[in-house]
Amino acid sequence: MAMSTQNQLIKNFSMDDLIRIRGGRKLNGEVTVSSCKNSVVAILPSVVMASEIVKLYDVPEIKDVEILKKLLGLLNIKVTADGDELTIDPTEIINVDLLDEDVMKLRASYYFMGALLGRFRHVKMYSPGGCNLGPRPIDLHLKGFEALGAKIKQDGNVIEIDAEELLGDDIYLDFASVGATINIMLAACFAKGRTTIENAAKEPEIIDLSSMLNKMGAQIRGAGTSEITINGVSRLKGCIHDIIPDRIEAGTYIIAAAACGEDVTVKNVIPQHIEALTSKLEEMGVKLEQGSDYVRVYGNDDLKAVDIITQPFPGFATDLQQPLTSLMTKAKGDSHVEETIYAERFKHCKELNSMGANIDCETGNSYIHGPTPLHGTDIFATDLRCGASLVIAGLMAEGLTTIHNAYHIYRGYDSIVEKLRALGAEIE
Ligand code: EPZ
């Protein structure tokens, strides 16, 4: 970006869009992980399928949740918050068209497609937005709806999906897409007969959503495996649900602790959800202690270069490759990131290079040559996990780092500034 455009951008943002970090402080103490963003953003739209009140506990305070609450409001669903508890009353739902710009502010608004199609056999809404990670088609979602009997019309940015009736079918996904698995699962809850999703995604968020839907009376089996079966039902009732901890937030704090910590305990973690990360960190030389619901990280400045390949769960999560790249700048030797999910998810590398890193990038790959000390400067969060990687880099860097476009970070990290400050970071 030309410097003048960048300066203009800086002028246009309010102070809320900046995170400033004076790096070099050692992190110590405990940090508690919030509930899972990618679960809650599927759970909230799925509430349109309930005929009774749904109560959710431990809902994270993040921007994506705020936007989804507004979209539920447009459908005449009442959402009442009491701290981190949400009471959602869908009993007077009206299936209006979701032609509101908020739909385009996040990816997960596409879950209204499956949920409203299932419940009302009709949905009209804008295409979803979300982080700019290169092309993010939704063809697998739409093919799945068609297999269940829906007809789809697309006019520019508007998608309209109708079905006289939905009939269960056997659906094979060409790729184990998280979004397509969830969307088809939602619509299939109200399809007649049995739907099978083969080559389904196995992410923990899918298990969380299916366990909530089953509490509501759905009949879903096999979530968390590559074959999910759904026997359609005609009605879903209300339920009370606790959302699982956020494995990507947990991973982010564990990486931050590995980069700048002396002795940090990350609490409210399901260690099995982040094994691909923790085993990679151990290979780098990070000392970890794992309990049933925590990971304790001990600082170590003598880190080795490693290679990672991002893959669907249980492989190394694409959402953690950007944060891990910041730590890799500290490791001795050449690290390699092969990104198989989003070939263009490398915008953080340019920002890290401006802080003194030595990273080469090409489509699908980045090569990190370390160790390189980082220095503070003005940098730009271009997407959520780019933002997380820059926060970690800012903690590692000497001097003052100013992260612009920090709103990307608040989309997915509850109280990140407060949590890091409590660990001893100088951050505002
Ligand atoms: C989910 O996105 C997450 N988002 C992403 O989290 C995460 O990076 C991604 O899964 C992979 O784990 C939410 O849960 C809201 P996909 P999703 O469908 O569902 C291709 C974060 O930082 N594909 O599994 O959109 C697609 O282009 C984020 O929290 C098709 O080709 O991911 C990509 O290459 C960002 N056609 C791959 O599949 C389709 O119809 C994986 O996408 C659908 C996907």
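Modeller: The dialogue below treats helices, peptide geometry and side-chain surroundings in turn.

Biologist: What kind of model is this, and how are its residues numbered?

Modeller: This is a predicted model, in which local features need pLDDT of at least 70 and side-chain atom pairs count only at pLDDT 80 or more, while totals for chains, interfaces and linings use all residues. Residues are numbered from 1 along each chain as its sequence is written, and side-chain values use heavy atoms, with hydrogens and water left out.

Biologist: How many residues has helix H12, and what span does it reach?

Modeller: Helices (H or I, at least four residues) and strands (E, at least two) are DSSP runs, numbered from the N terminus. The expected span of a helix is 1.5 Å times one less than its number of residues. Helix H12, residues 384-396, has 13 residues, and the distance from its first C-alpha to its last is 19 Å, close to the expected 18 Å.

Biologist: Is H12 enclosed or exposed?

Modeller: A residue is buried under 20% relative accessible area, exposed over 50%, and partly exposed in between (1.4 Å probe, protein chains only). In H12, 13 of the 13 residues are buried, so the helix is largely enclosed by the rest of the structure.

Biologist: Which side chain reaches a backbone nitrogen at the start of H12?

Modeller: A polar contact is a pair of N or O atoms within 3.5 Å; within protein, one must be able to donate a hydrogen and the other to accept it, and residues adjacent in sequence count only if both atoms are side-chain atoms. Here a side-chain oxygen of Asp-383 comes to within 3.4 Å of the backbone nitrogen of Arg-385.

Biologist: How is the packing of two helices described?

Modeller: Two packed helices are described by the angle between their axes and the distance between the axes. Axes are lines fitted to C-alpha atoms, for helices over the stretch in contact, and angles run from 0 to 180 degrees between N-to-C directions. The axes of H11 (residues 347-354) and H12 come within 9 Å and cross at roughly 20 degrees. That makes H11 roughly parallel to H12; angles under 35 degrees count as roughly parallel, over 145 as roughly antiparallel, 65 to 115 as roughly perpendicular and the rest as oblique.

Biologist: Which residues make the contact between H11 and H12?

Modeller: Contact means heavy atoms within 4.5 Å. H11 contributes Lys-347, His-348, Glu-351 and Leu-352, and H12 contributes Cys-386, Ser-389, Leu-390 and Ala-393.

Biologist: Where are Asn-76 and Arg-121, each a residue other than glycine with a positive phi?

Modeller: Asn-76, with phi near 65 degrees, is in the loop between helix H3 (63-74) and strand S4 (78-82). Its relative accessible area is 30%, so Asn-76 is partly exposed. Arg-121 has phi near 65 degrees and lies in the loop between helix H4 (111-120) and strand S6 (122-126). Arg-121 is partly exposed, with a relative accessible area of 23%.

Biologist: How are the surroundings of Ser-335 read?

Modeller: Ser-335 is in strand S18, residues 333-338, and counts as buried at 1% relative accessibility. A polar atom of its side chain lies 3.2 Å from the backbone nitrogen of Val-306. Leaving aside neighbours within four places in sequence, Ser-335 is in contact with residues including Val-306, Met-328 and Ile-368.

Biologist: What may be said of Met-328?

Modeller: Met-328 lies in helix H10 and is buried, with a relative accessible area of 0%. With neighbours within four places in sequence left aside, its contacts are Met-284, Val-306, Ile-308, Ser-335, Val-337 and Ile-368.

Biologist: Which elements do the buried residues of H5 pack against?

Modeller: In H5 (residues 139-147), Leu-140, His-141, Leu-142, Gly-144 and Phe-145 are buried. The buried residues of H5 pack against H4, strands S7 (151-155), S8 (158-162) and S9 (170-172), and helix H6 (178-188). Gly-149, which follows H5, has a positive phi near 115 degrees.
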